[in-house]
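Q: I've got a model open and a few things to ask about how it is packed. Can we go through it piece by piece?

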Amino acid sequence: MPRPVERPVAERRTEQAAPALGVERVAEELRGLGNAARKITVMGMGDPASTSLTALTLARLMVREASVVLVDLSPASGALRAVMSDPATPGLSDLSVGAASFGQIITKDRMSRVQIVGAGTRKMDAAVLLTPGMTMTIDALTRVYDYVILDAGALDDVPEQLVSTNAHAVLVTVAGLDNQTRAVVRSELLGAGFRGVTML
């Protein structure tokens, strides 16, 4: 399959029906966007576990050339906890109630150099995600790592303001998604504040 010609970011943002890309091509595209894609939100239209595994694969590809932290905002899938070097490590929900410090919530992927911030040992719900401390934590991570990848689960699971600000969206689509629906979803995500949208 011939490699697509790279176009300016502005053109990609306004494209109406871009084809879905493979994970390796997505990683390549995101690297090419530089600072416009240092915060990456991975969302899905299907099984949350599939979204988590996509986020993990993307992180493992990108960590080959940069520092990467993967943040679990979708604890329902359990996929990221399964690859953490210490699944008992406290996470975001513990930090939000003062039961853990910033330094205590970072652990590692057992199979790569990817750092992981888990959901934590307490219930992760909308109230936790909307606390000012959550935004501050993610902002702090962007100052430490080259890339912050957010596993946001299903398309509507996580508050927009937390995951869209200064972020590039990677949407894991479903088989058979037509171009018209693809264009509508892309437009909605850009309207929600994402800097750009890549469909996988």
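Q: Start with Leu189. Which residues is it in contact with, leaving aside neighbours within four places in sequence?
A: Leu189 is in contact with Met43, Leu155, Ala169, Leu171, Phe194 and Val197. Contact here means heavy atoms within 4.5 Å.

Q: Before I go on, what kind of model is this?
A: It is a predicted model: local features need pLDDT of at least 70, side-chain atom pairs count only at pLDDT 80 or more, and totals for chains, interfaces and linings use all residues. Residues are numbered from 1 along each chain as its sequence is written, and side-chain values use heavy atoms, with hydrogens and water left out.

Q: OK. Which residues touch the most other members in the largest nonpolar core?
A: Leu189 is one of them, along with Val71, Leu73, Leu92, Leu162 and Val163, in a core of 30 residues. A nonpolar core is a set of buried Ala, Val, Leu, Ile, Met, Phe, Trp, Tyr and Cys residues joined through side-chain atoms within 4.5 Å. Buried means under 20% relative accessible area, exposed over 50%, and partly exposed in between (1.4 Å probe, protein chains only).

Q: Which elements each supply at least two residues of that core?
A: The strands are β2 (68-72), β5 (147-154), β6 (168-172) and β7 (196-199), and the helices are α6 (126-129), α7 (132-144), α8 (160-164) and α9 (179-191). Helices (H or I, at least four residues) and strands (E, at least two) are DSSP runs, numbered from the N terminus. Apart from this core lies another, of 29 residues, including Val26, Ala37, Leu58 and Leu70.

Q: Which residues of α7 are buried?
A: Met134, Thr137, Ile138, Ala140, Leu141 and Thr142.

Q: And how far apart are the end C-alpha atoms of α7?
A: They are 19 Å apart, which agrees with the 18 Å that its 13 residues should span at 1.5 Å a residue. The expected span is 1.5 Å times one less than the number of residues in the helix.

Q: Switching to Thr54. Buried or exposed?
A: Thr54 counts as buried because its relative accessibility is 11%. Thr54 is found in helix α3 (residues 48-62). Leaving aside neighbours within four places in sequence, Thr54 is in contact with Val23, Val42, Val172 and Leu200.

Q: What covers the buried residues of α3?
A: The cover includes α2, β1, β2, α4 (79-83), β5 and β6. Among the buried residues of α3 are Thr51, Ala55, Leu58 and Met62.

Q: Where is Ala36 found?
A: Ala36 is in the loop between α2 (23-32) and β1 (39-44). Ala36 is partly exposed, with a relative accessible area of 25%.

Q: Which residues is Ala36 in contact with, beyond four places in sequence?
A: His168 and Arg195. The C-alpha atoms of Ala36 and His168 are separated by 7.2 Å, though the two are 132 residues apart along the chain.

Q: Last topic, pockets. What volume does the second largest pocket have?
A: About 210 Å³. On a 1 Å grid over the protein atoms alone, a pocket is an open set of points where a 1.4 Å probe fits, with protein on both sides within 12 Å along at least five of seven lines; lining residues have an atom within 4 Å of a point. Grid points are joined across faces, edges and corners, and the volume is the space filled by probe spheres set on the points.
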